[in-house]
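Hi,

Here is the structure I promised to pass on. Have a look at it first, and then read my notes below.

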Amino acid sequence: MKNLAKNWKSIVVYVLISAILIGSVMFFSNKQNDADTKYSEIVQMFHNGEICSFTLDLSNGNLEYSTYDDPDVKQTYSIPSVAVSIFIDDIEDDIKGYNATHSNTPIVYDYKAGTSGTWLLSMIPSILMFALIAVIAFVIFRRMSSAMNNETNRTLSFGKIKARLLEQNDERKTTFEDVAGCEEEKAEVAELVDFLKEPEEFTKIGARIPKGVLLVGPPGTGKTLLARAIAGEADVPFLSISGSDFVEMYVGVGASRVRDLFEQAKKKAPAIVFIDEIDAVGRHRGAGTGNGNDEREQTLNQLLVELDGFGTNSGVIVIAATNRPDVLDPALLRPGRFDRQVTVNRPDAQGREDILRVHARNKPLGPDVDLKEIAKDTMTFTGSDLENLLNEAAILTVRHKKKAITMEEINEAISKVELGTEKKTHKYTEKAKRLTAYHEAGHAVASYYLENHDPVKEISIIPRGLGAGGYTWYTPQEENYESRNDMLEDLVSMLGGRVAEDLALGDISTGASNDLQRATKICRNMVSKFGMNDEIGPVVYSDDNDEVFLGKDFGHVNNYSERTSARIDEEIEKMMREAYAKTEKILKEHFDKLELVAEMLIQKEKLTGEQFVSLMETGELPPEPEVIEEEPLEDEPAEENEIVEDEESPEEEETEAEADSIPEDEEDDEEEE
């Protein structure tokens, strides 16, 4: 059916040609007489003596005749070939009798004798019809044979792997210079490059290079890019494949593809085989409530065998990447297989600056752009996030009709990446707008009077993202582990919105639901995971149910008693109440500042960090800077940048901005009240 649907145009053409030829055959074999005359009428005309002259073609029965009524007009009649002799017998006596009695006006007639090739001409329509049928049958048979051959080839190639081969050349070669933010990781894999270039230096001293290298790290940190850089530095072929490409519903296909992959790699040795997302095929065997997946387990077994089969001089190195090393089968990680793990972490401030510099090589930057400041404001960003950030900034620059990227576009891009797009067309009621303004002002004012809290970068009551009615955005100052005091101050800051609503409006809303959820999670982690509670003590009671497989955690029970569970709940409640009381004390003492910031938010809808600090210190906004029109920057030729960060999906991180949602249905209820 699929072939018919695909070739319907050809079928229509064949049908039309067949219809035309068959119609032609029917026309020539059964052509009608020019005159609508019956055979008996023609014979009767000869009996009556109405014919003055005629000519009869004996080969095809064509009769041309003229009558005495109109002797100058030639009429035609086609006598069937089988009836020609009968016709002659019928009219012979009439002609002789008429000529005998009308000697002055005899009937002039002539018989044309048939040629030897006449019978062949009469068979031409039939020959054409049979030839057409033969051609159509041949075409159909050929198409069916081609389809069967394709199906056979597809069946035979079902076990073949389609690995993406990247041959290194000077135009698109990726090297260590294109990889930034992971200097230690590059140093760790540098010896792989040396082995691929000069394996004799290792083998003659008896050293064995790792057969497999496992790159572990969060999504977007550059694992794929690092693997490509290794191949680029060594100038060897790079065979890339995804772990999911091995898995099929038919048992044995994945194992066959594994064998085919390593056969291809050995033919191109020295080479690098890169398996992305290896956890798709290398998960722990025997996990789950059922019997597992036979196809995936056979594929994994074949992969283990192939890794064991590599000799020390094979010249093939397998590099795999995953962000879930905890689900991999232990047999993959033993020495002799993936016996080296390289952790690619999120970049630090210097690493982020280097990554930004790499991705900014082909982008014109304005004089006010400071990559070091951008790196400080993007603490949780990975390499792919930073690449996306500069790309969004470039798009905004085009929208703003500018020639170079400025800090205005950079800051807007950071907000868009972390918090989502502003919904400026969404209009609040006055009551909802005031509630959101006091809520966000409560966050900002409470954090301002905390000793070690991160400073405010921006406050807004313009909706962003999914249901976020407003946000208070902080600038992280340090990347170290959080201390107990830092977490307690975070609790106070998170509860500032709920407390401000209660103090200023005498009512509370559901806008603080996300704040309460995050604050409760911090308290639970401090009590049961980090051992930061004096009453519970430095004991870990955390029940991390992060296992992917249900079977490994199916029969798990809490490792502490119900009494301990009740104590943990009591301490969490106590910490929340203490933080709430501290927040309430701060906002009551500085209620005038709370009202000032809230009223200014109602007027301007957005405040920068500098404007907020000026309000808190002087009670007024800073003067607006003078706008100096600068000449547009000339276009400069940009160097080509072929850096492609790891194309994995960014990991979900808790943003430093506190986004609060106000459901629209609640606003309607408040209006009705």
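Predicted model: local features only at pLDDT ≥ 70, side-chain atom pairs only at ≥ 80, totals over all residues.

Let's start with what T322 touches: leaving out residues up to four places away in sequence, its contacts are L214, L215, V216, G217, K223, I278, D279 and L328. T322 sits in strand β9, which covers residues 316-322. Is T322 buried or exposed? Its relative accessible area is 0%, so T322 is buried.

Next, a pair of helices. Helix α17 (residues 430-448) packs against helix α21 (residues 562-589), with the axes 10 Å apart and an angle of about 95° between them. That angle falls within 65 to 115 degrees, so α17 is roughly perpendicular to α21. On the α17 side the contact is made by G442, V445 and A446, and on the α21 side by T583, I586 and L587. Sorted by class, that contact has 4 nonpolar residues, 2 polar ones and no charged ones.

Now the aromatic rings. How many aromatic pairs are there? The count comes to 4. Take F238 and F274: their ring centres are 5.7 Å apart and their planes meet at 25°, so this pair is stacked. F238 belongs to strand β7 (residues 238-242) and F274 to strand β8 (residues 271-276), so to speak two distant parts of the chain, 36 residues apart. Both F238 and F274 are buried. Y541 and Y560 also form a pair, this one edge-to-face, with 5.5 Å from centre to centre and 80° between the planes. Here too the pair links distant parts of the chain: Y541 is in the loop between α19 (513-528) and α20 (550-553), while Y560 is in the loop between α20 and α21, 19 residues apart. Y541 and Y560 are both buried. There is also one aromatic cluster, formed by Y448, Y449 and F612.

F612 takes us to helix α23 (residues 609-618), where the buried residues are G609, Q611, F612, S614, L615 and M616. What do the buried residues of α23 pack against? Their partners are α17, β11 (456-460), α22 (591-604) and β13 (606-608). After α23 comes G619, with a positive phi near 80°.

Last, some backbone angles to look at. Most residues other than glycine have a negative phi. E277 is not a glycine, yet its phi is positive, about 50°. You'll find E277 in the loop between β8 and α11 (294-309). Its relative accessibility is 24%, so E277 counts as partly exposed. K401, another residue other than glycine, has a positive phi near 60°. Where is K401? It lies in the loop between α15 (383-399) and α16 (407-419). With 75% relative accessibility, K401 counts as exposed.

Cheers

Conventions:
Residues numbered from 1 in each chain as written. Heavy atoms only, no water. Helix = DSSP H or I, 4+ residues; strand = E, 2+ residues; numbered from the N terminus. Buried < 20%, exposed > 50% of the residue type's maximum accessible area, 1.4 Å probe, protein only. Contact = heavy atoms within 4.5 Å. Axes fitted to C-alpha atoms, helices over the stretch in contact; angles between N-to-C directions. Parallel < 35°, antiparallel > 145°, perpendicular 65-115°, else oblique. Nonpolar A, V, L, I, M, F, W, Y, C, P; charged D, E, K, R; others polar. Phe/Tyr/Trp six-rings, centres within 6.5 Å; stacked < 30°, edge-to-face > 60°.
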